[in-house]
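User: I have a model open and would like to go through its architecture and side-chain pairings. Could we take it step by step?

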Amino acid sequence: MPQGDKDAYTDKQKRKAAHIAEGYETKGVPEPEAEARAWETVNKDSGGGNKSGSGRGKPDTHEASRNGGKKAADRSAADKSAAAKKAWETRRKAAKA
């Protein structure tokens, strides 16, 4: 569970954390863990709260999203192909249901 008061965060940062947590929950991560991971991601990207009095003006690094792209690019062509086939199969099954 994320600790501390979230008043120092902008509305955009709060929306971003909610969206990220929703994605984790969709993948089956328990809600408290998903929320904690989401705030970790927001903090990594933006350096923490950006409202006035909390170090406003720090530029967003988008480091977490950059790292995710690198991980995907490091996979072999065979791994990417296998993932694409698995995704296609999942979508096909969902369409039937």
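User: What share of the 97 residues counts as buried?
Analyst: In this predicted model, 21% of the 97 residues of the protein count as buried.

User: And how many helices and strands are there?
Analyst: The protein has 4 helices and 0 strands. Read along the sequence, the pattern is α-α-α-α.

User: Among contacts between residues at least 6 apart in sequence, what percentage join residues at least 24 apart?
Analyst: That figure is 46%.

User: Let us turn to helix 1 and helix 2. At roughly what angle do their axes cross?
Analyst: The axes of helix 1, residues 11–26, and helix 2, residues 31–46, cross at roughly 135 degrees and come within 8 Å. That angle makes helix 1 oblique to helix 2. An angle over 145 degrees would be needed to count as roughly antiparallel.

User: Is the crossing left-handed or right-handed?
Analyst: Helix 1 passes helix 2 in a right-handed crossing.

User: Which residues meet there, helix 1 against helix 2?
Analyst: From helix 1, the residues are Gln13, Lys14, Lys16, Ala17, Ile20, Ala21, Tyr24 and Glu25. They meet Glu31, Ala34, Glu35, Arg37, Ala38, Trp39, Thr41, Val42, Asp45 and Ser46 in helix 2. By class, this contact of helix 1 with helix 2 has 8 nonpolar, 3 polar and 7 charged residues.

User: Take Ala17 from that set. Buried or exposed?
Analyst: Ala17, which is found in helix 1, is buried, with a relative accessible area of 3%. Leaving aside neighbours within four places in sequence, Ala17 is in contact with Ala38, Trp39 and Val42.

User: How far is Ala17 from Ala34, C-alpha to C-alpha?
Analyst: Their C-alpha atoms are separated by 9.5 Å, and the two residues are 17 residues apart along the chain.

User: What about Gln13, buried or exposed?
Analyst: Gln13 has a place in helix 1 and counts as buried, at 6% relative accessibility.

User: And what does Gln13 touch, not counting residues up to four places away in sequence?
Analyst: Gln13 touches Ala8, Trp39, Val42, Ser46, Gly48, Gly49 and Asn50. Trp39 and Val42 are also in contact with Ala17.

User: Glu22 next. Buried or exposed?
Analyst: Glu22 lies in helix 1 and counts as exposed, at 51% relative accessibility. Glu22 and Ala34 are 12 residues apart in sequence, with their C-alpha atoms 7.5 Å apart in space.

User: Changing topic: how many salt bridges does a search of the whole structure find?
Analyst: The search finds 3 salt bridges. Side chains of opposite charge can pair when their charged atoms come close.

User: Which residue pairs with Asp45?
Analyst: Asp45 forms a salt bridge with Lys16, and the closest N and O atoms are 2.9 Å apart. Since Asp45 lies in helix 2 and Lys16 in helix 1, the pair ties together parts that are 29 residues apart in sequence. Both residues also belong to the contact between helix 1 and helix 2.

User: What is the accessibility of Asp45, and what is that of Lys16?
Analyst: Asp45 has 3% relative accessibility and counts as buried. Lys16 is partly exposed, with a relative accessible area of 30%.

User: And what is the partner of Glu33?
Analyst: Glu33 forms a salt bridge with Arg37, the closest N and O atoms being 3.0 Å apart. These two residues are 4 residues apart in helix 2, so about one helical turn separates them. Glu33 counts as partly exposed at 37% relative accessibility, and Arg37 is partly exposed with a relative accessible area of 30%.

User: Which residue forms a salt bridge with Arg92?
Analyst: Arg92 pairs with Glu89, and the closest N and O atoms are 2.2 Å apart. Both lie in helix 4, residues 77–96, where they are 3 residues apart and therefore separated by about one helical turn.

User: Buried, exposed or partly exposed, for Arg92 and for Glu89?
Analyst: Arg92 counts as partly exposed at 29% relative accessibility. Glu89 is partly exposed, with a relative accessible area of 26%.

Technical notes
Residues numbered from 1 in each chain as written. Predicted model: local features only at pLDDT ≥ 70, side-chain atom pairs only at ≥ 80, totals over all residues. Heavy atoms only, no water. Axes fitted to C-alpha atoms, helices over the stretch in contact; angles between N-to-C directions. Parallel < 35°, antiparallel > 145°, perpendicular 65-115°, else oblique. Left-handed = near helix turned anticlockwise from the far one by under 90°. Contact = heavy atoms within 4.5 Å. Nonpolar A, V, L, I, M, F, W, Y, C, P; charged D, E, K, R; others polar. Salt bridge = Lys/Arg side-chain N within 4 Å of Asp/Glu carboxyl O. Buried < 20%, exposed > 50% of the residue type's maximum accessible area, 1.4 Å probe, protein only.
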